[in-house]
Amino acid sequence: MIPVCEPTLTGKEKEYVDDCLNANWISSGGKYIGLFEQAFADFCGAKYCVSCVNGTAALHLALAAAGVGPGDEVIIPSFAMIAVCNSVIYTGATPVLVDSELDTWNMDPAGVAAAVSDRTRAVITMHTYGHPVDMDPILELAASRGITVIEDSAEAHGAEYKGRRCGSIGAMSAFSFYGNKILTTGEGGAVTTSDPELAERLRSLKNHCFGVPRFVHREIGFNYRMTNIQAAIGLAQVEAAEELVASRRRNAERYNGLLAGVPGVKTPPQASWAKNVYWMYGILLEDDFPLDRGQAMAALRERGVDSRAFFHPMHLQPAYERPMPNRPVVRGPMAAAEELGARGLYLPSSSHLTGEQIEEVAAAVRDIAGQ
Ligand SMILES: Cc1ncc(COP(=O)(O)O)c(C=O)c1O
């Protein structure tokens, strides 16, 4: 079975982890935290990086640092990973769901404009599967209304919007370093920003807002600290980052070439103003594909190819059906989110896929398409 995604650990990960063990620095102190944070900030083109335990915590920290709380609204795409919506719910604020665009698979800037209210405090722009959101209209609107823009770049390590890397565009940007991400620390996350005050707030919030004296706390923080061991793996990953990103793009080009012209298969978006990093190589199965998505995934599995269905939109999640004070609200139609959620799947996407594996996957897709 060719798996959907595996970590690529071919650099100095083991050497750096051994160094942590030998030095007895295995908790959240130690040199690798600072080294990893600086290297990752540089990679993104941001001034600061604040590491944390995972991408969900990174989103929660960014929202908390922006001062989001009960009574506020946060605009997010309905077609999203559930951590985006849950992180808003954790703050007590209400997620406001907007539809996506079929040509980028990202939140529709016009939908964002239509969803703004006097209570809107933040927007989370999730760069879906590695393709950047069209940020300019959202940044402009947000600046005029005093709204904080938080990128969710969990899936977009190294992706670019008009020459700027994701992670350097919004006021803050959340990252995940889960095992299937382009750069991984096993579990892990970070928030990048170029604002020194926000960086300071993020550092305080992730570490219980220790005060002066130390055990006098003036705010309620969290323990979201990354360990030195995770950061050691992270540093080795950042050292290999340009190559990991380049492999993702090379693999996608190969797939695009091999799947071009297969009836009913829509290959991933690539807007002229963006550089997709193809975290996952997603395809949409259109009406003229002979199988529905479930049948296609089963048929691929029979041919030794693993795949995953796209996200299930937030406005259809059973978890939010129960009564709750800040239940996600829908403003506007959700046709694109539903179409993406129903028709999309992603194919094996590890950075270290070989050309032969990509050919095998593409042959399986063509085979089930009857080509
Ligand atoms: C877009 C997005 N945001 C947030 C997260 C949450 O990150 P984590 O799993 O590290 O908590 C993920 C995924 O895994 C994601 O894909």
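Helices here are DSSP runs of H or I with at least four residues, and strands are runs of E with at least two, both numbered from the N terminus. Residues are numbered from 1 along each chain as its sequence is written. The model is predicted, so local features need pLDDT of at least 70 and side-chain atom pairs count only at pLDDT 80 or more, while totals for chains, interfaces and linings use all residues.

**Exercise 1.** Find helix 12 and check its span.

*Solution.* Start at residue 355 and walk to residue 368, which gives 14 residues. The expected span is 1.5 Å times one less than the number of residues. From first C-alpha to last, helix 12 reaches 20 Å, close to the 20 Å expected. Just after helix 12, look for G370, whose phi is positive at about 80°.

**Exercise 2.** Sort residues of helix 12 into buried and exposed.

*Solution.* Call a residue buried if 20 or more other C-beta atoms, placed from the backbone, lie within 10 Å of its own, exposed if 12 or fewer, and partly exposed in between. The buried ones are I358, V361, A362, A364, V365 and I368. The face turned away carries the exposed G355, E356 and D367.

**Exercise 3.** Which elements do the buried residues of helix 12 pack against?

*Solution.* Count a contact when two C-beta atoms, placed from the backbone, lie within 7 Å. The partners are helix 9 (241-259), strand 10 (265-266), helix 10 (293-302) and strand 15 (344-347).
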